[in-house]
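Look over the sequence and the model first, then read on.

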Amino acid sequence: MAFSLNQLVMRELHYAIIDEVDSILIDEARTPHIISGPSNEDVSVYKVVDKVVRQLVGGGPDDADKPGIHYVADKKNHSASLTEEGMDMVEQLLGIDNIANDPKLFHHVMASVKAYALFQRDVDYVVRGGEVVIVDENTGRMMFGRRFSDGLHQALEAKEGVPVQRESQTIATITFQNLFRLYEKLAGMTGTAKTEEDEFRKIYGLDVVCIPTHRPMIRVDHPDVVYKTLEAKLRGVAFEILRLFTKQQPVLVGTRSIEMSEVVSSRLTPDMLQRLLLVQRLREAVEGKKNFPKDLVADAKKVIETNLADIDRQTLASVLRKADMQPDALHDDNLSWAIGLWQLPEENKAYLKQALSEGVPHNVLNAKFHEREALVIAEAGRKGQVTIATNMAGRGVDILLGGRVTDELVEMSRTAEGDTSFDDEYANTFASFRRGGLERAAPPLPLTETERLAQAEEVRKLGGLYILGTERHESRRIDNQLRGRSGRQGDPGESRFFVSLEDQLWKIFNAKMLENPLLKAWPPMEEVNAKFLSRMIEKTQERIENHYFEGRKHVLEYDDVLNAQREHIYAMRREILLGKDERPELLRYIRDMIAEVVENAWVVDENERRVFDYDLLYEDLSEIFPVMDYLSLDELRQMPPGPELTEACIDAATKAYEAKIQELGDEIMRQLEQQVMLHAVNDKWMEHLQIVDYIREGIGLRGYGQIDPLVAYKRETHDLFERTLRGIRDQAVKMIFRAQVQREPEPEPPQMMRVDEGAALPNGPIASDGGTRDIDWRKVGRNDPCPCGSGKKFKSCHYPKLRAEGRI
């Protein structure tokens, strides 16, 4: 909220060209854009409430009536609520009778419940340097400087035990839709807008035009691999990474969260890969060989279905020996089996042995290693490179086959200090983004374009960059953006998504998927190859996209109501900033306000008769301007209620205003009028937005009374806006009379004191013509200004003489 013209930062809104337009106008448009400032509320209450909510037990949307459940969370609609039992528990722990009687405390409790029920660390946010930093779900990047509103960020800080910062107060709010519709002309570009063509046309009036690719796209998009359990999917992902590393084809592993990127990375250690290879071989033998000992099948299946990290190596070795198989993963027999299964040449066996001995060398790119982003992306296209990344490596990232030629950005990234400010369970385990393999310096990047092209040709022969998605995203567009990192400019490439029916997405949006009788009977570690499942996954994604479209439409419908009010207020502010003369407006405000005060002096007495209260009128007028200087109470009493009395009061207020102009001068008064109007508009608009938030929060309940919540919202915000405009008028009028202008006194010229350099210096405290007789020179520091007033440092003034004479 600027207070002068030179503080304005936005130009006139003529034309906007948006890069990655679907990300901004669609993905970002689900939440309004809020500019906030700090409020003065006490934050200690968040820690008190956190201790209470920590003791509550949560459940799903269908668990509200179950005993022992204190709150239920609906992740699909991103909402959480306390149950009756939860309310009683909170009241008991806080020592209060009825929490509903304290709306502010109830608001804090609900913010804390949401922090525990809906927000997951290393998915929705990270803890970094003693702060909670939001992670953008679409890009995987940390959003510095952004905070959740409504006390949610403070609740997360209390949950994570970091310092709780002051709550923010909304200064301005607008949806992305309404912000960009302010531009006279709007355009943008992206590779994934076609699926959202309807929304672009309906909301923004934009047509989507497809431009053919520069070169034909030859990337191979394989069908999804679907698993029943998360454990089976992680095995499939790790086995595929092992295959690609052995083949030396570069692979980009895309994950939805920091947490998943760390989980996948932990699967590429030597121990886990050796277990995986042996279990995969055992599974193939159990399922594929008719001569497998029948008495061993039960034991083998028990080992196969145990989580990889929990498998006892001795038990596994025992089962393998009984089945006439080698228990040593590095044995040539096991290496040859894997090479044959993957149909790779014999010389690639060395890479497989290296991976099993030392782990797969890989780079991890997530919000924790953001300083290394340029370097990780530069290396991602090299032969044999494995890169595990969140959506940071998705939209807008250009991965060159063979690696990027070293440039200034890459060197800066290489020499950057790692971000050591993270505070979590991974901080000590994985200090580096470079993991697996021997302690090594990374192979050098190509130094010239010729060298890069030669290395790129080798990668092309191996099939180009392989995109391995570990989860489907909420939108098909984000999946397509990840696929689009491969097969650029006519290069070859491959992509495949590995999906489990226990993924977070299906839990939220299709929780009953696993109840299908066909899937219940499916073995837990096998791939599920069923066309109906692929269709079900696509339908679920479409349903999610429609769900979010409805959400964006809903947000826009409510913001459109606020939009007209916002335009009125901002037009008013802009006119003031551009130098509009506010005096006629303020004089009109004074007339209206005084007339209203006179009208409000009519009261009903104890006999229910309408009488005019002159005392009340005089008191109300005194609150606005110094009425006693222009009218006495007796003079008012002599005038009957009506136009004459109103005009007399208005004349008195006008004279007081003219006296203020005479006192301050015309120029200063005009500046004061501008500042008073700006402050009044700002303060009342912020209050207006706060009350609108409260109305918006509970307006949905009107639906139970057969009233359309949107209609009720329009009516209530209209009445509120009328009150806000009156509030601006009242505050401006009161402030203009009360405001005091303080003139800064002109600084006096410094007085130089003359010191007689040749005067003798007596023992102890020195007396001199410069007024220094009471100074104890022993307490003066060498670099302090000399107390004699010469303007020099003590060491360059009296210090040498005092030192020579042994006085100090």
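Which residues point one way from strand 6, which the other way, and are they buried or exposed? Tyr125 and Val127 point one way, Val126 and Arg128 point the other way, and all are buried. Buried means under 20% relative accessible area, exposed over 50%, and partly exposed in between, with a 1.4 Å probe and protein chains only.

## Ground rules

This is a predicted model, in which local features need pLDDT of at least 70 and side-chain atom pairs count only at pLDDT 80 or more, while totals for chains, interfaces and linings use all residues. Residues are numbered from 1 along each chain as its sequence is written, and side-chain values use heavy atoms, with hydrogens and water left out.

Helices (H or I, at least four residues) and strands (E, at least two) are DSSP runs, numbered from the N terminus. Two strands pair if DSSP finds at least two bridges between them. Contact means heavy atoms within 4.5 Å.

Four bridges join strand 6 to strand 7 (residues 131–135). Tyr125 stands opposite Ile134, and Val126 stands opposite Val133. Axes here are lines fitted to C-alpha atoms, for helices over the stretch in contact, and angles run from 0 to 180 degrees between N-to-C directions.

Strand 6 and strand 7 form a hairpin with two residues between the strands. Gly129 takes a positive phi near 60° there.

## The sheet of strands 3, 4 and 5

Another open sheet has three strands in the order 3-4-5, and its pairing is mixed. Its edge strands are strand 3 (58–59) and strand 5 (79–82), each pairing on one side only. Helix 4 (residues 103–117) packs on this sheet, touching strand 4 and strand 5. The direction of helix 4 makes about 125° with that of strand 5.

Strand 3 and strand 4 (residues 71–74) run parallel and are joined by two bridges. Gly58 has Tyr71 as its bridge partner in strand 4.

Why is strand 18 (residues 493–500) largely enclosed by the rest of the structure? Eight of its eight residues are buried, so the strand is enclosed in that way. Gly493, Ser495, Phe497 and Val499 point one way, while Glu494, Arg496, Phe498 and Ser500 point the other way. In a regular strand, side chains alternate between the two faces of the sheet.

Strand 11 (residues 220–221) runs parallel to strand 18 and is joined to it by two bridges. Asp221 stands opposite Ser495. Strand 12 (residues 225–227) is also parallel to strand 18, with three bridges. Val225 stands opposite Phe498. Strand 17 (residues 465–469) pairs with strand 18 in the parallel sense over five bridges. Leu465 has Gly493 as its bridge partner.

## Helix 11

Leu296, Ala300, Val303 and Ile304 are buried in helix 11 (residues 294–304). Seen down the helix axis, the buried residues fall within an arc of 90°, so they line one face. The arc is that of the directions from the helix axis to the C-beta atoms. On the other side, Lys294, Asp295, Ala298 and Lys302 are exposed. The cover over the buried residues includes helix 8 (230–247), helix 10 (270–288) and helix 12 (313–322).

## The nonpolar cores

A nonpolar core is a set of buried Ala, Val, Leu, Ile, Met, Phe, Trp, Tyr and Cys residues joined through side-chain atoms within 4.5 Å. The largest one has 58 residues. Among the members that touch the most others are Ile594, Leu617 and Phe737. Helix 26 (666–698) is one of the helices that each supply at least two residues. Helix 26 gives the most, with eleven residues.

Leaving aside neighbours within four places in sequence, Leu617 is in contact with residues including Val597, Phe612, Leu636 and Cys649. Another core lies apart, with 54 residues, among them Val264, Leu316, Leu320 and Ala355.
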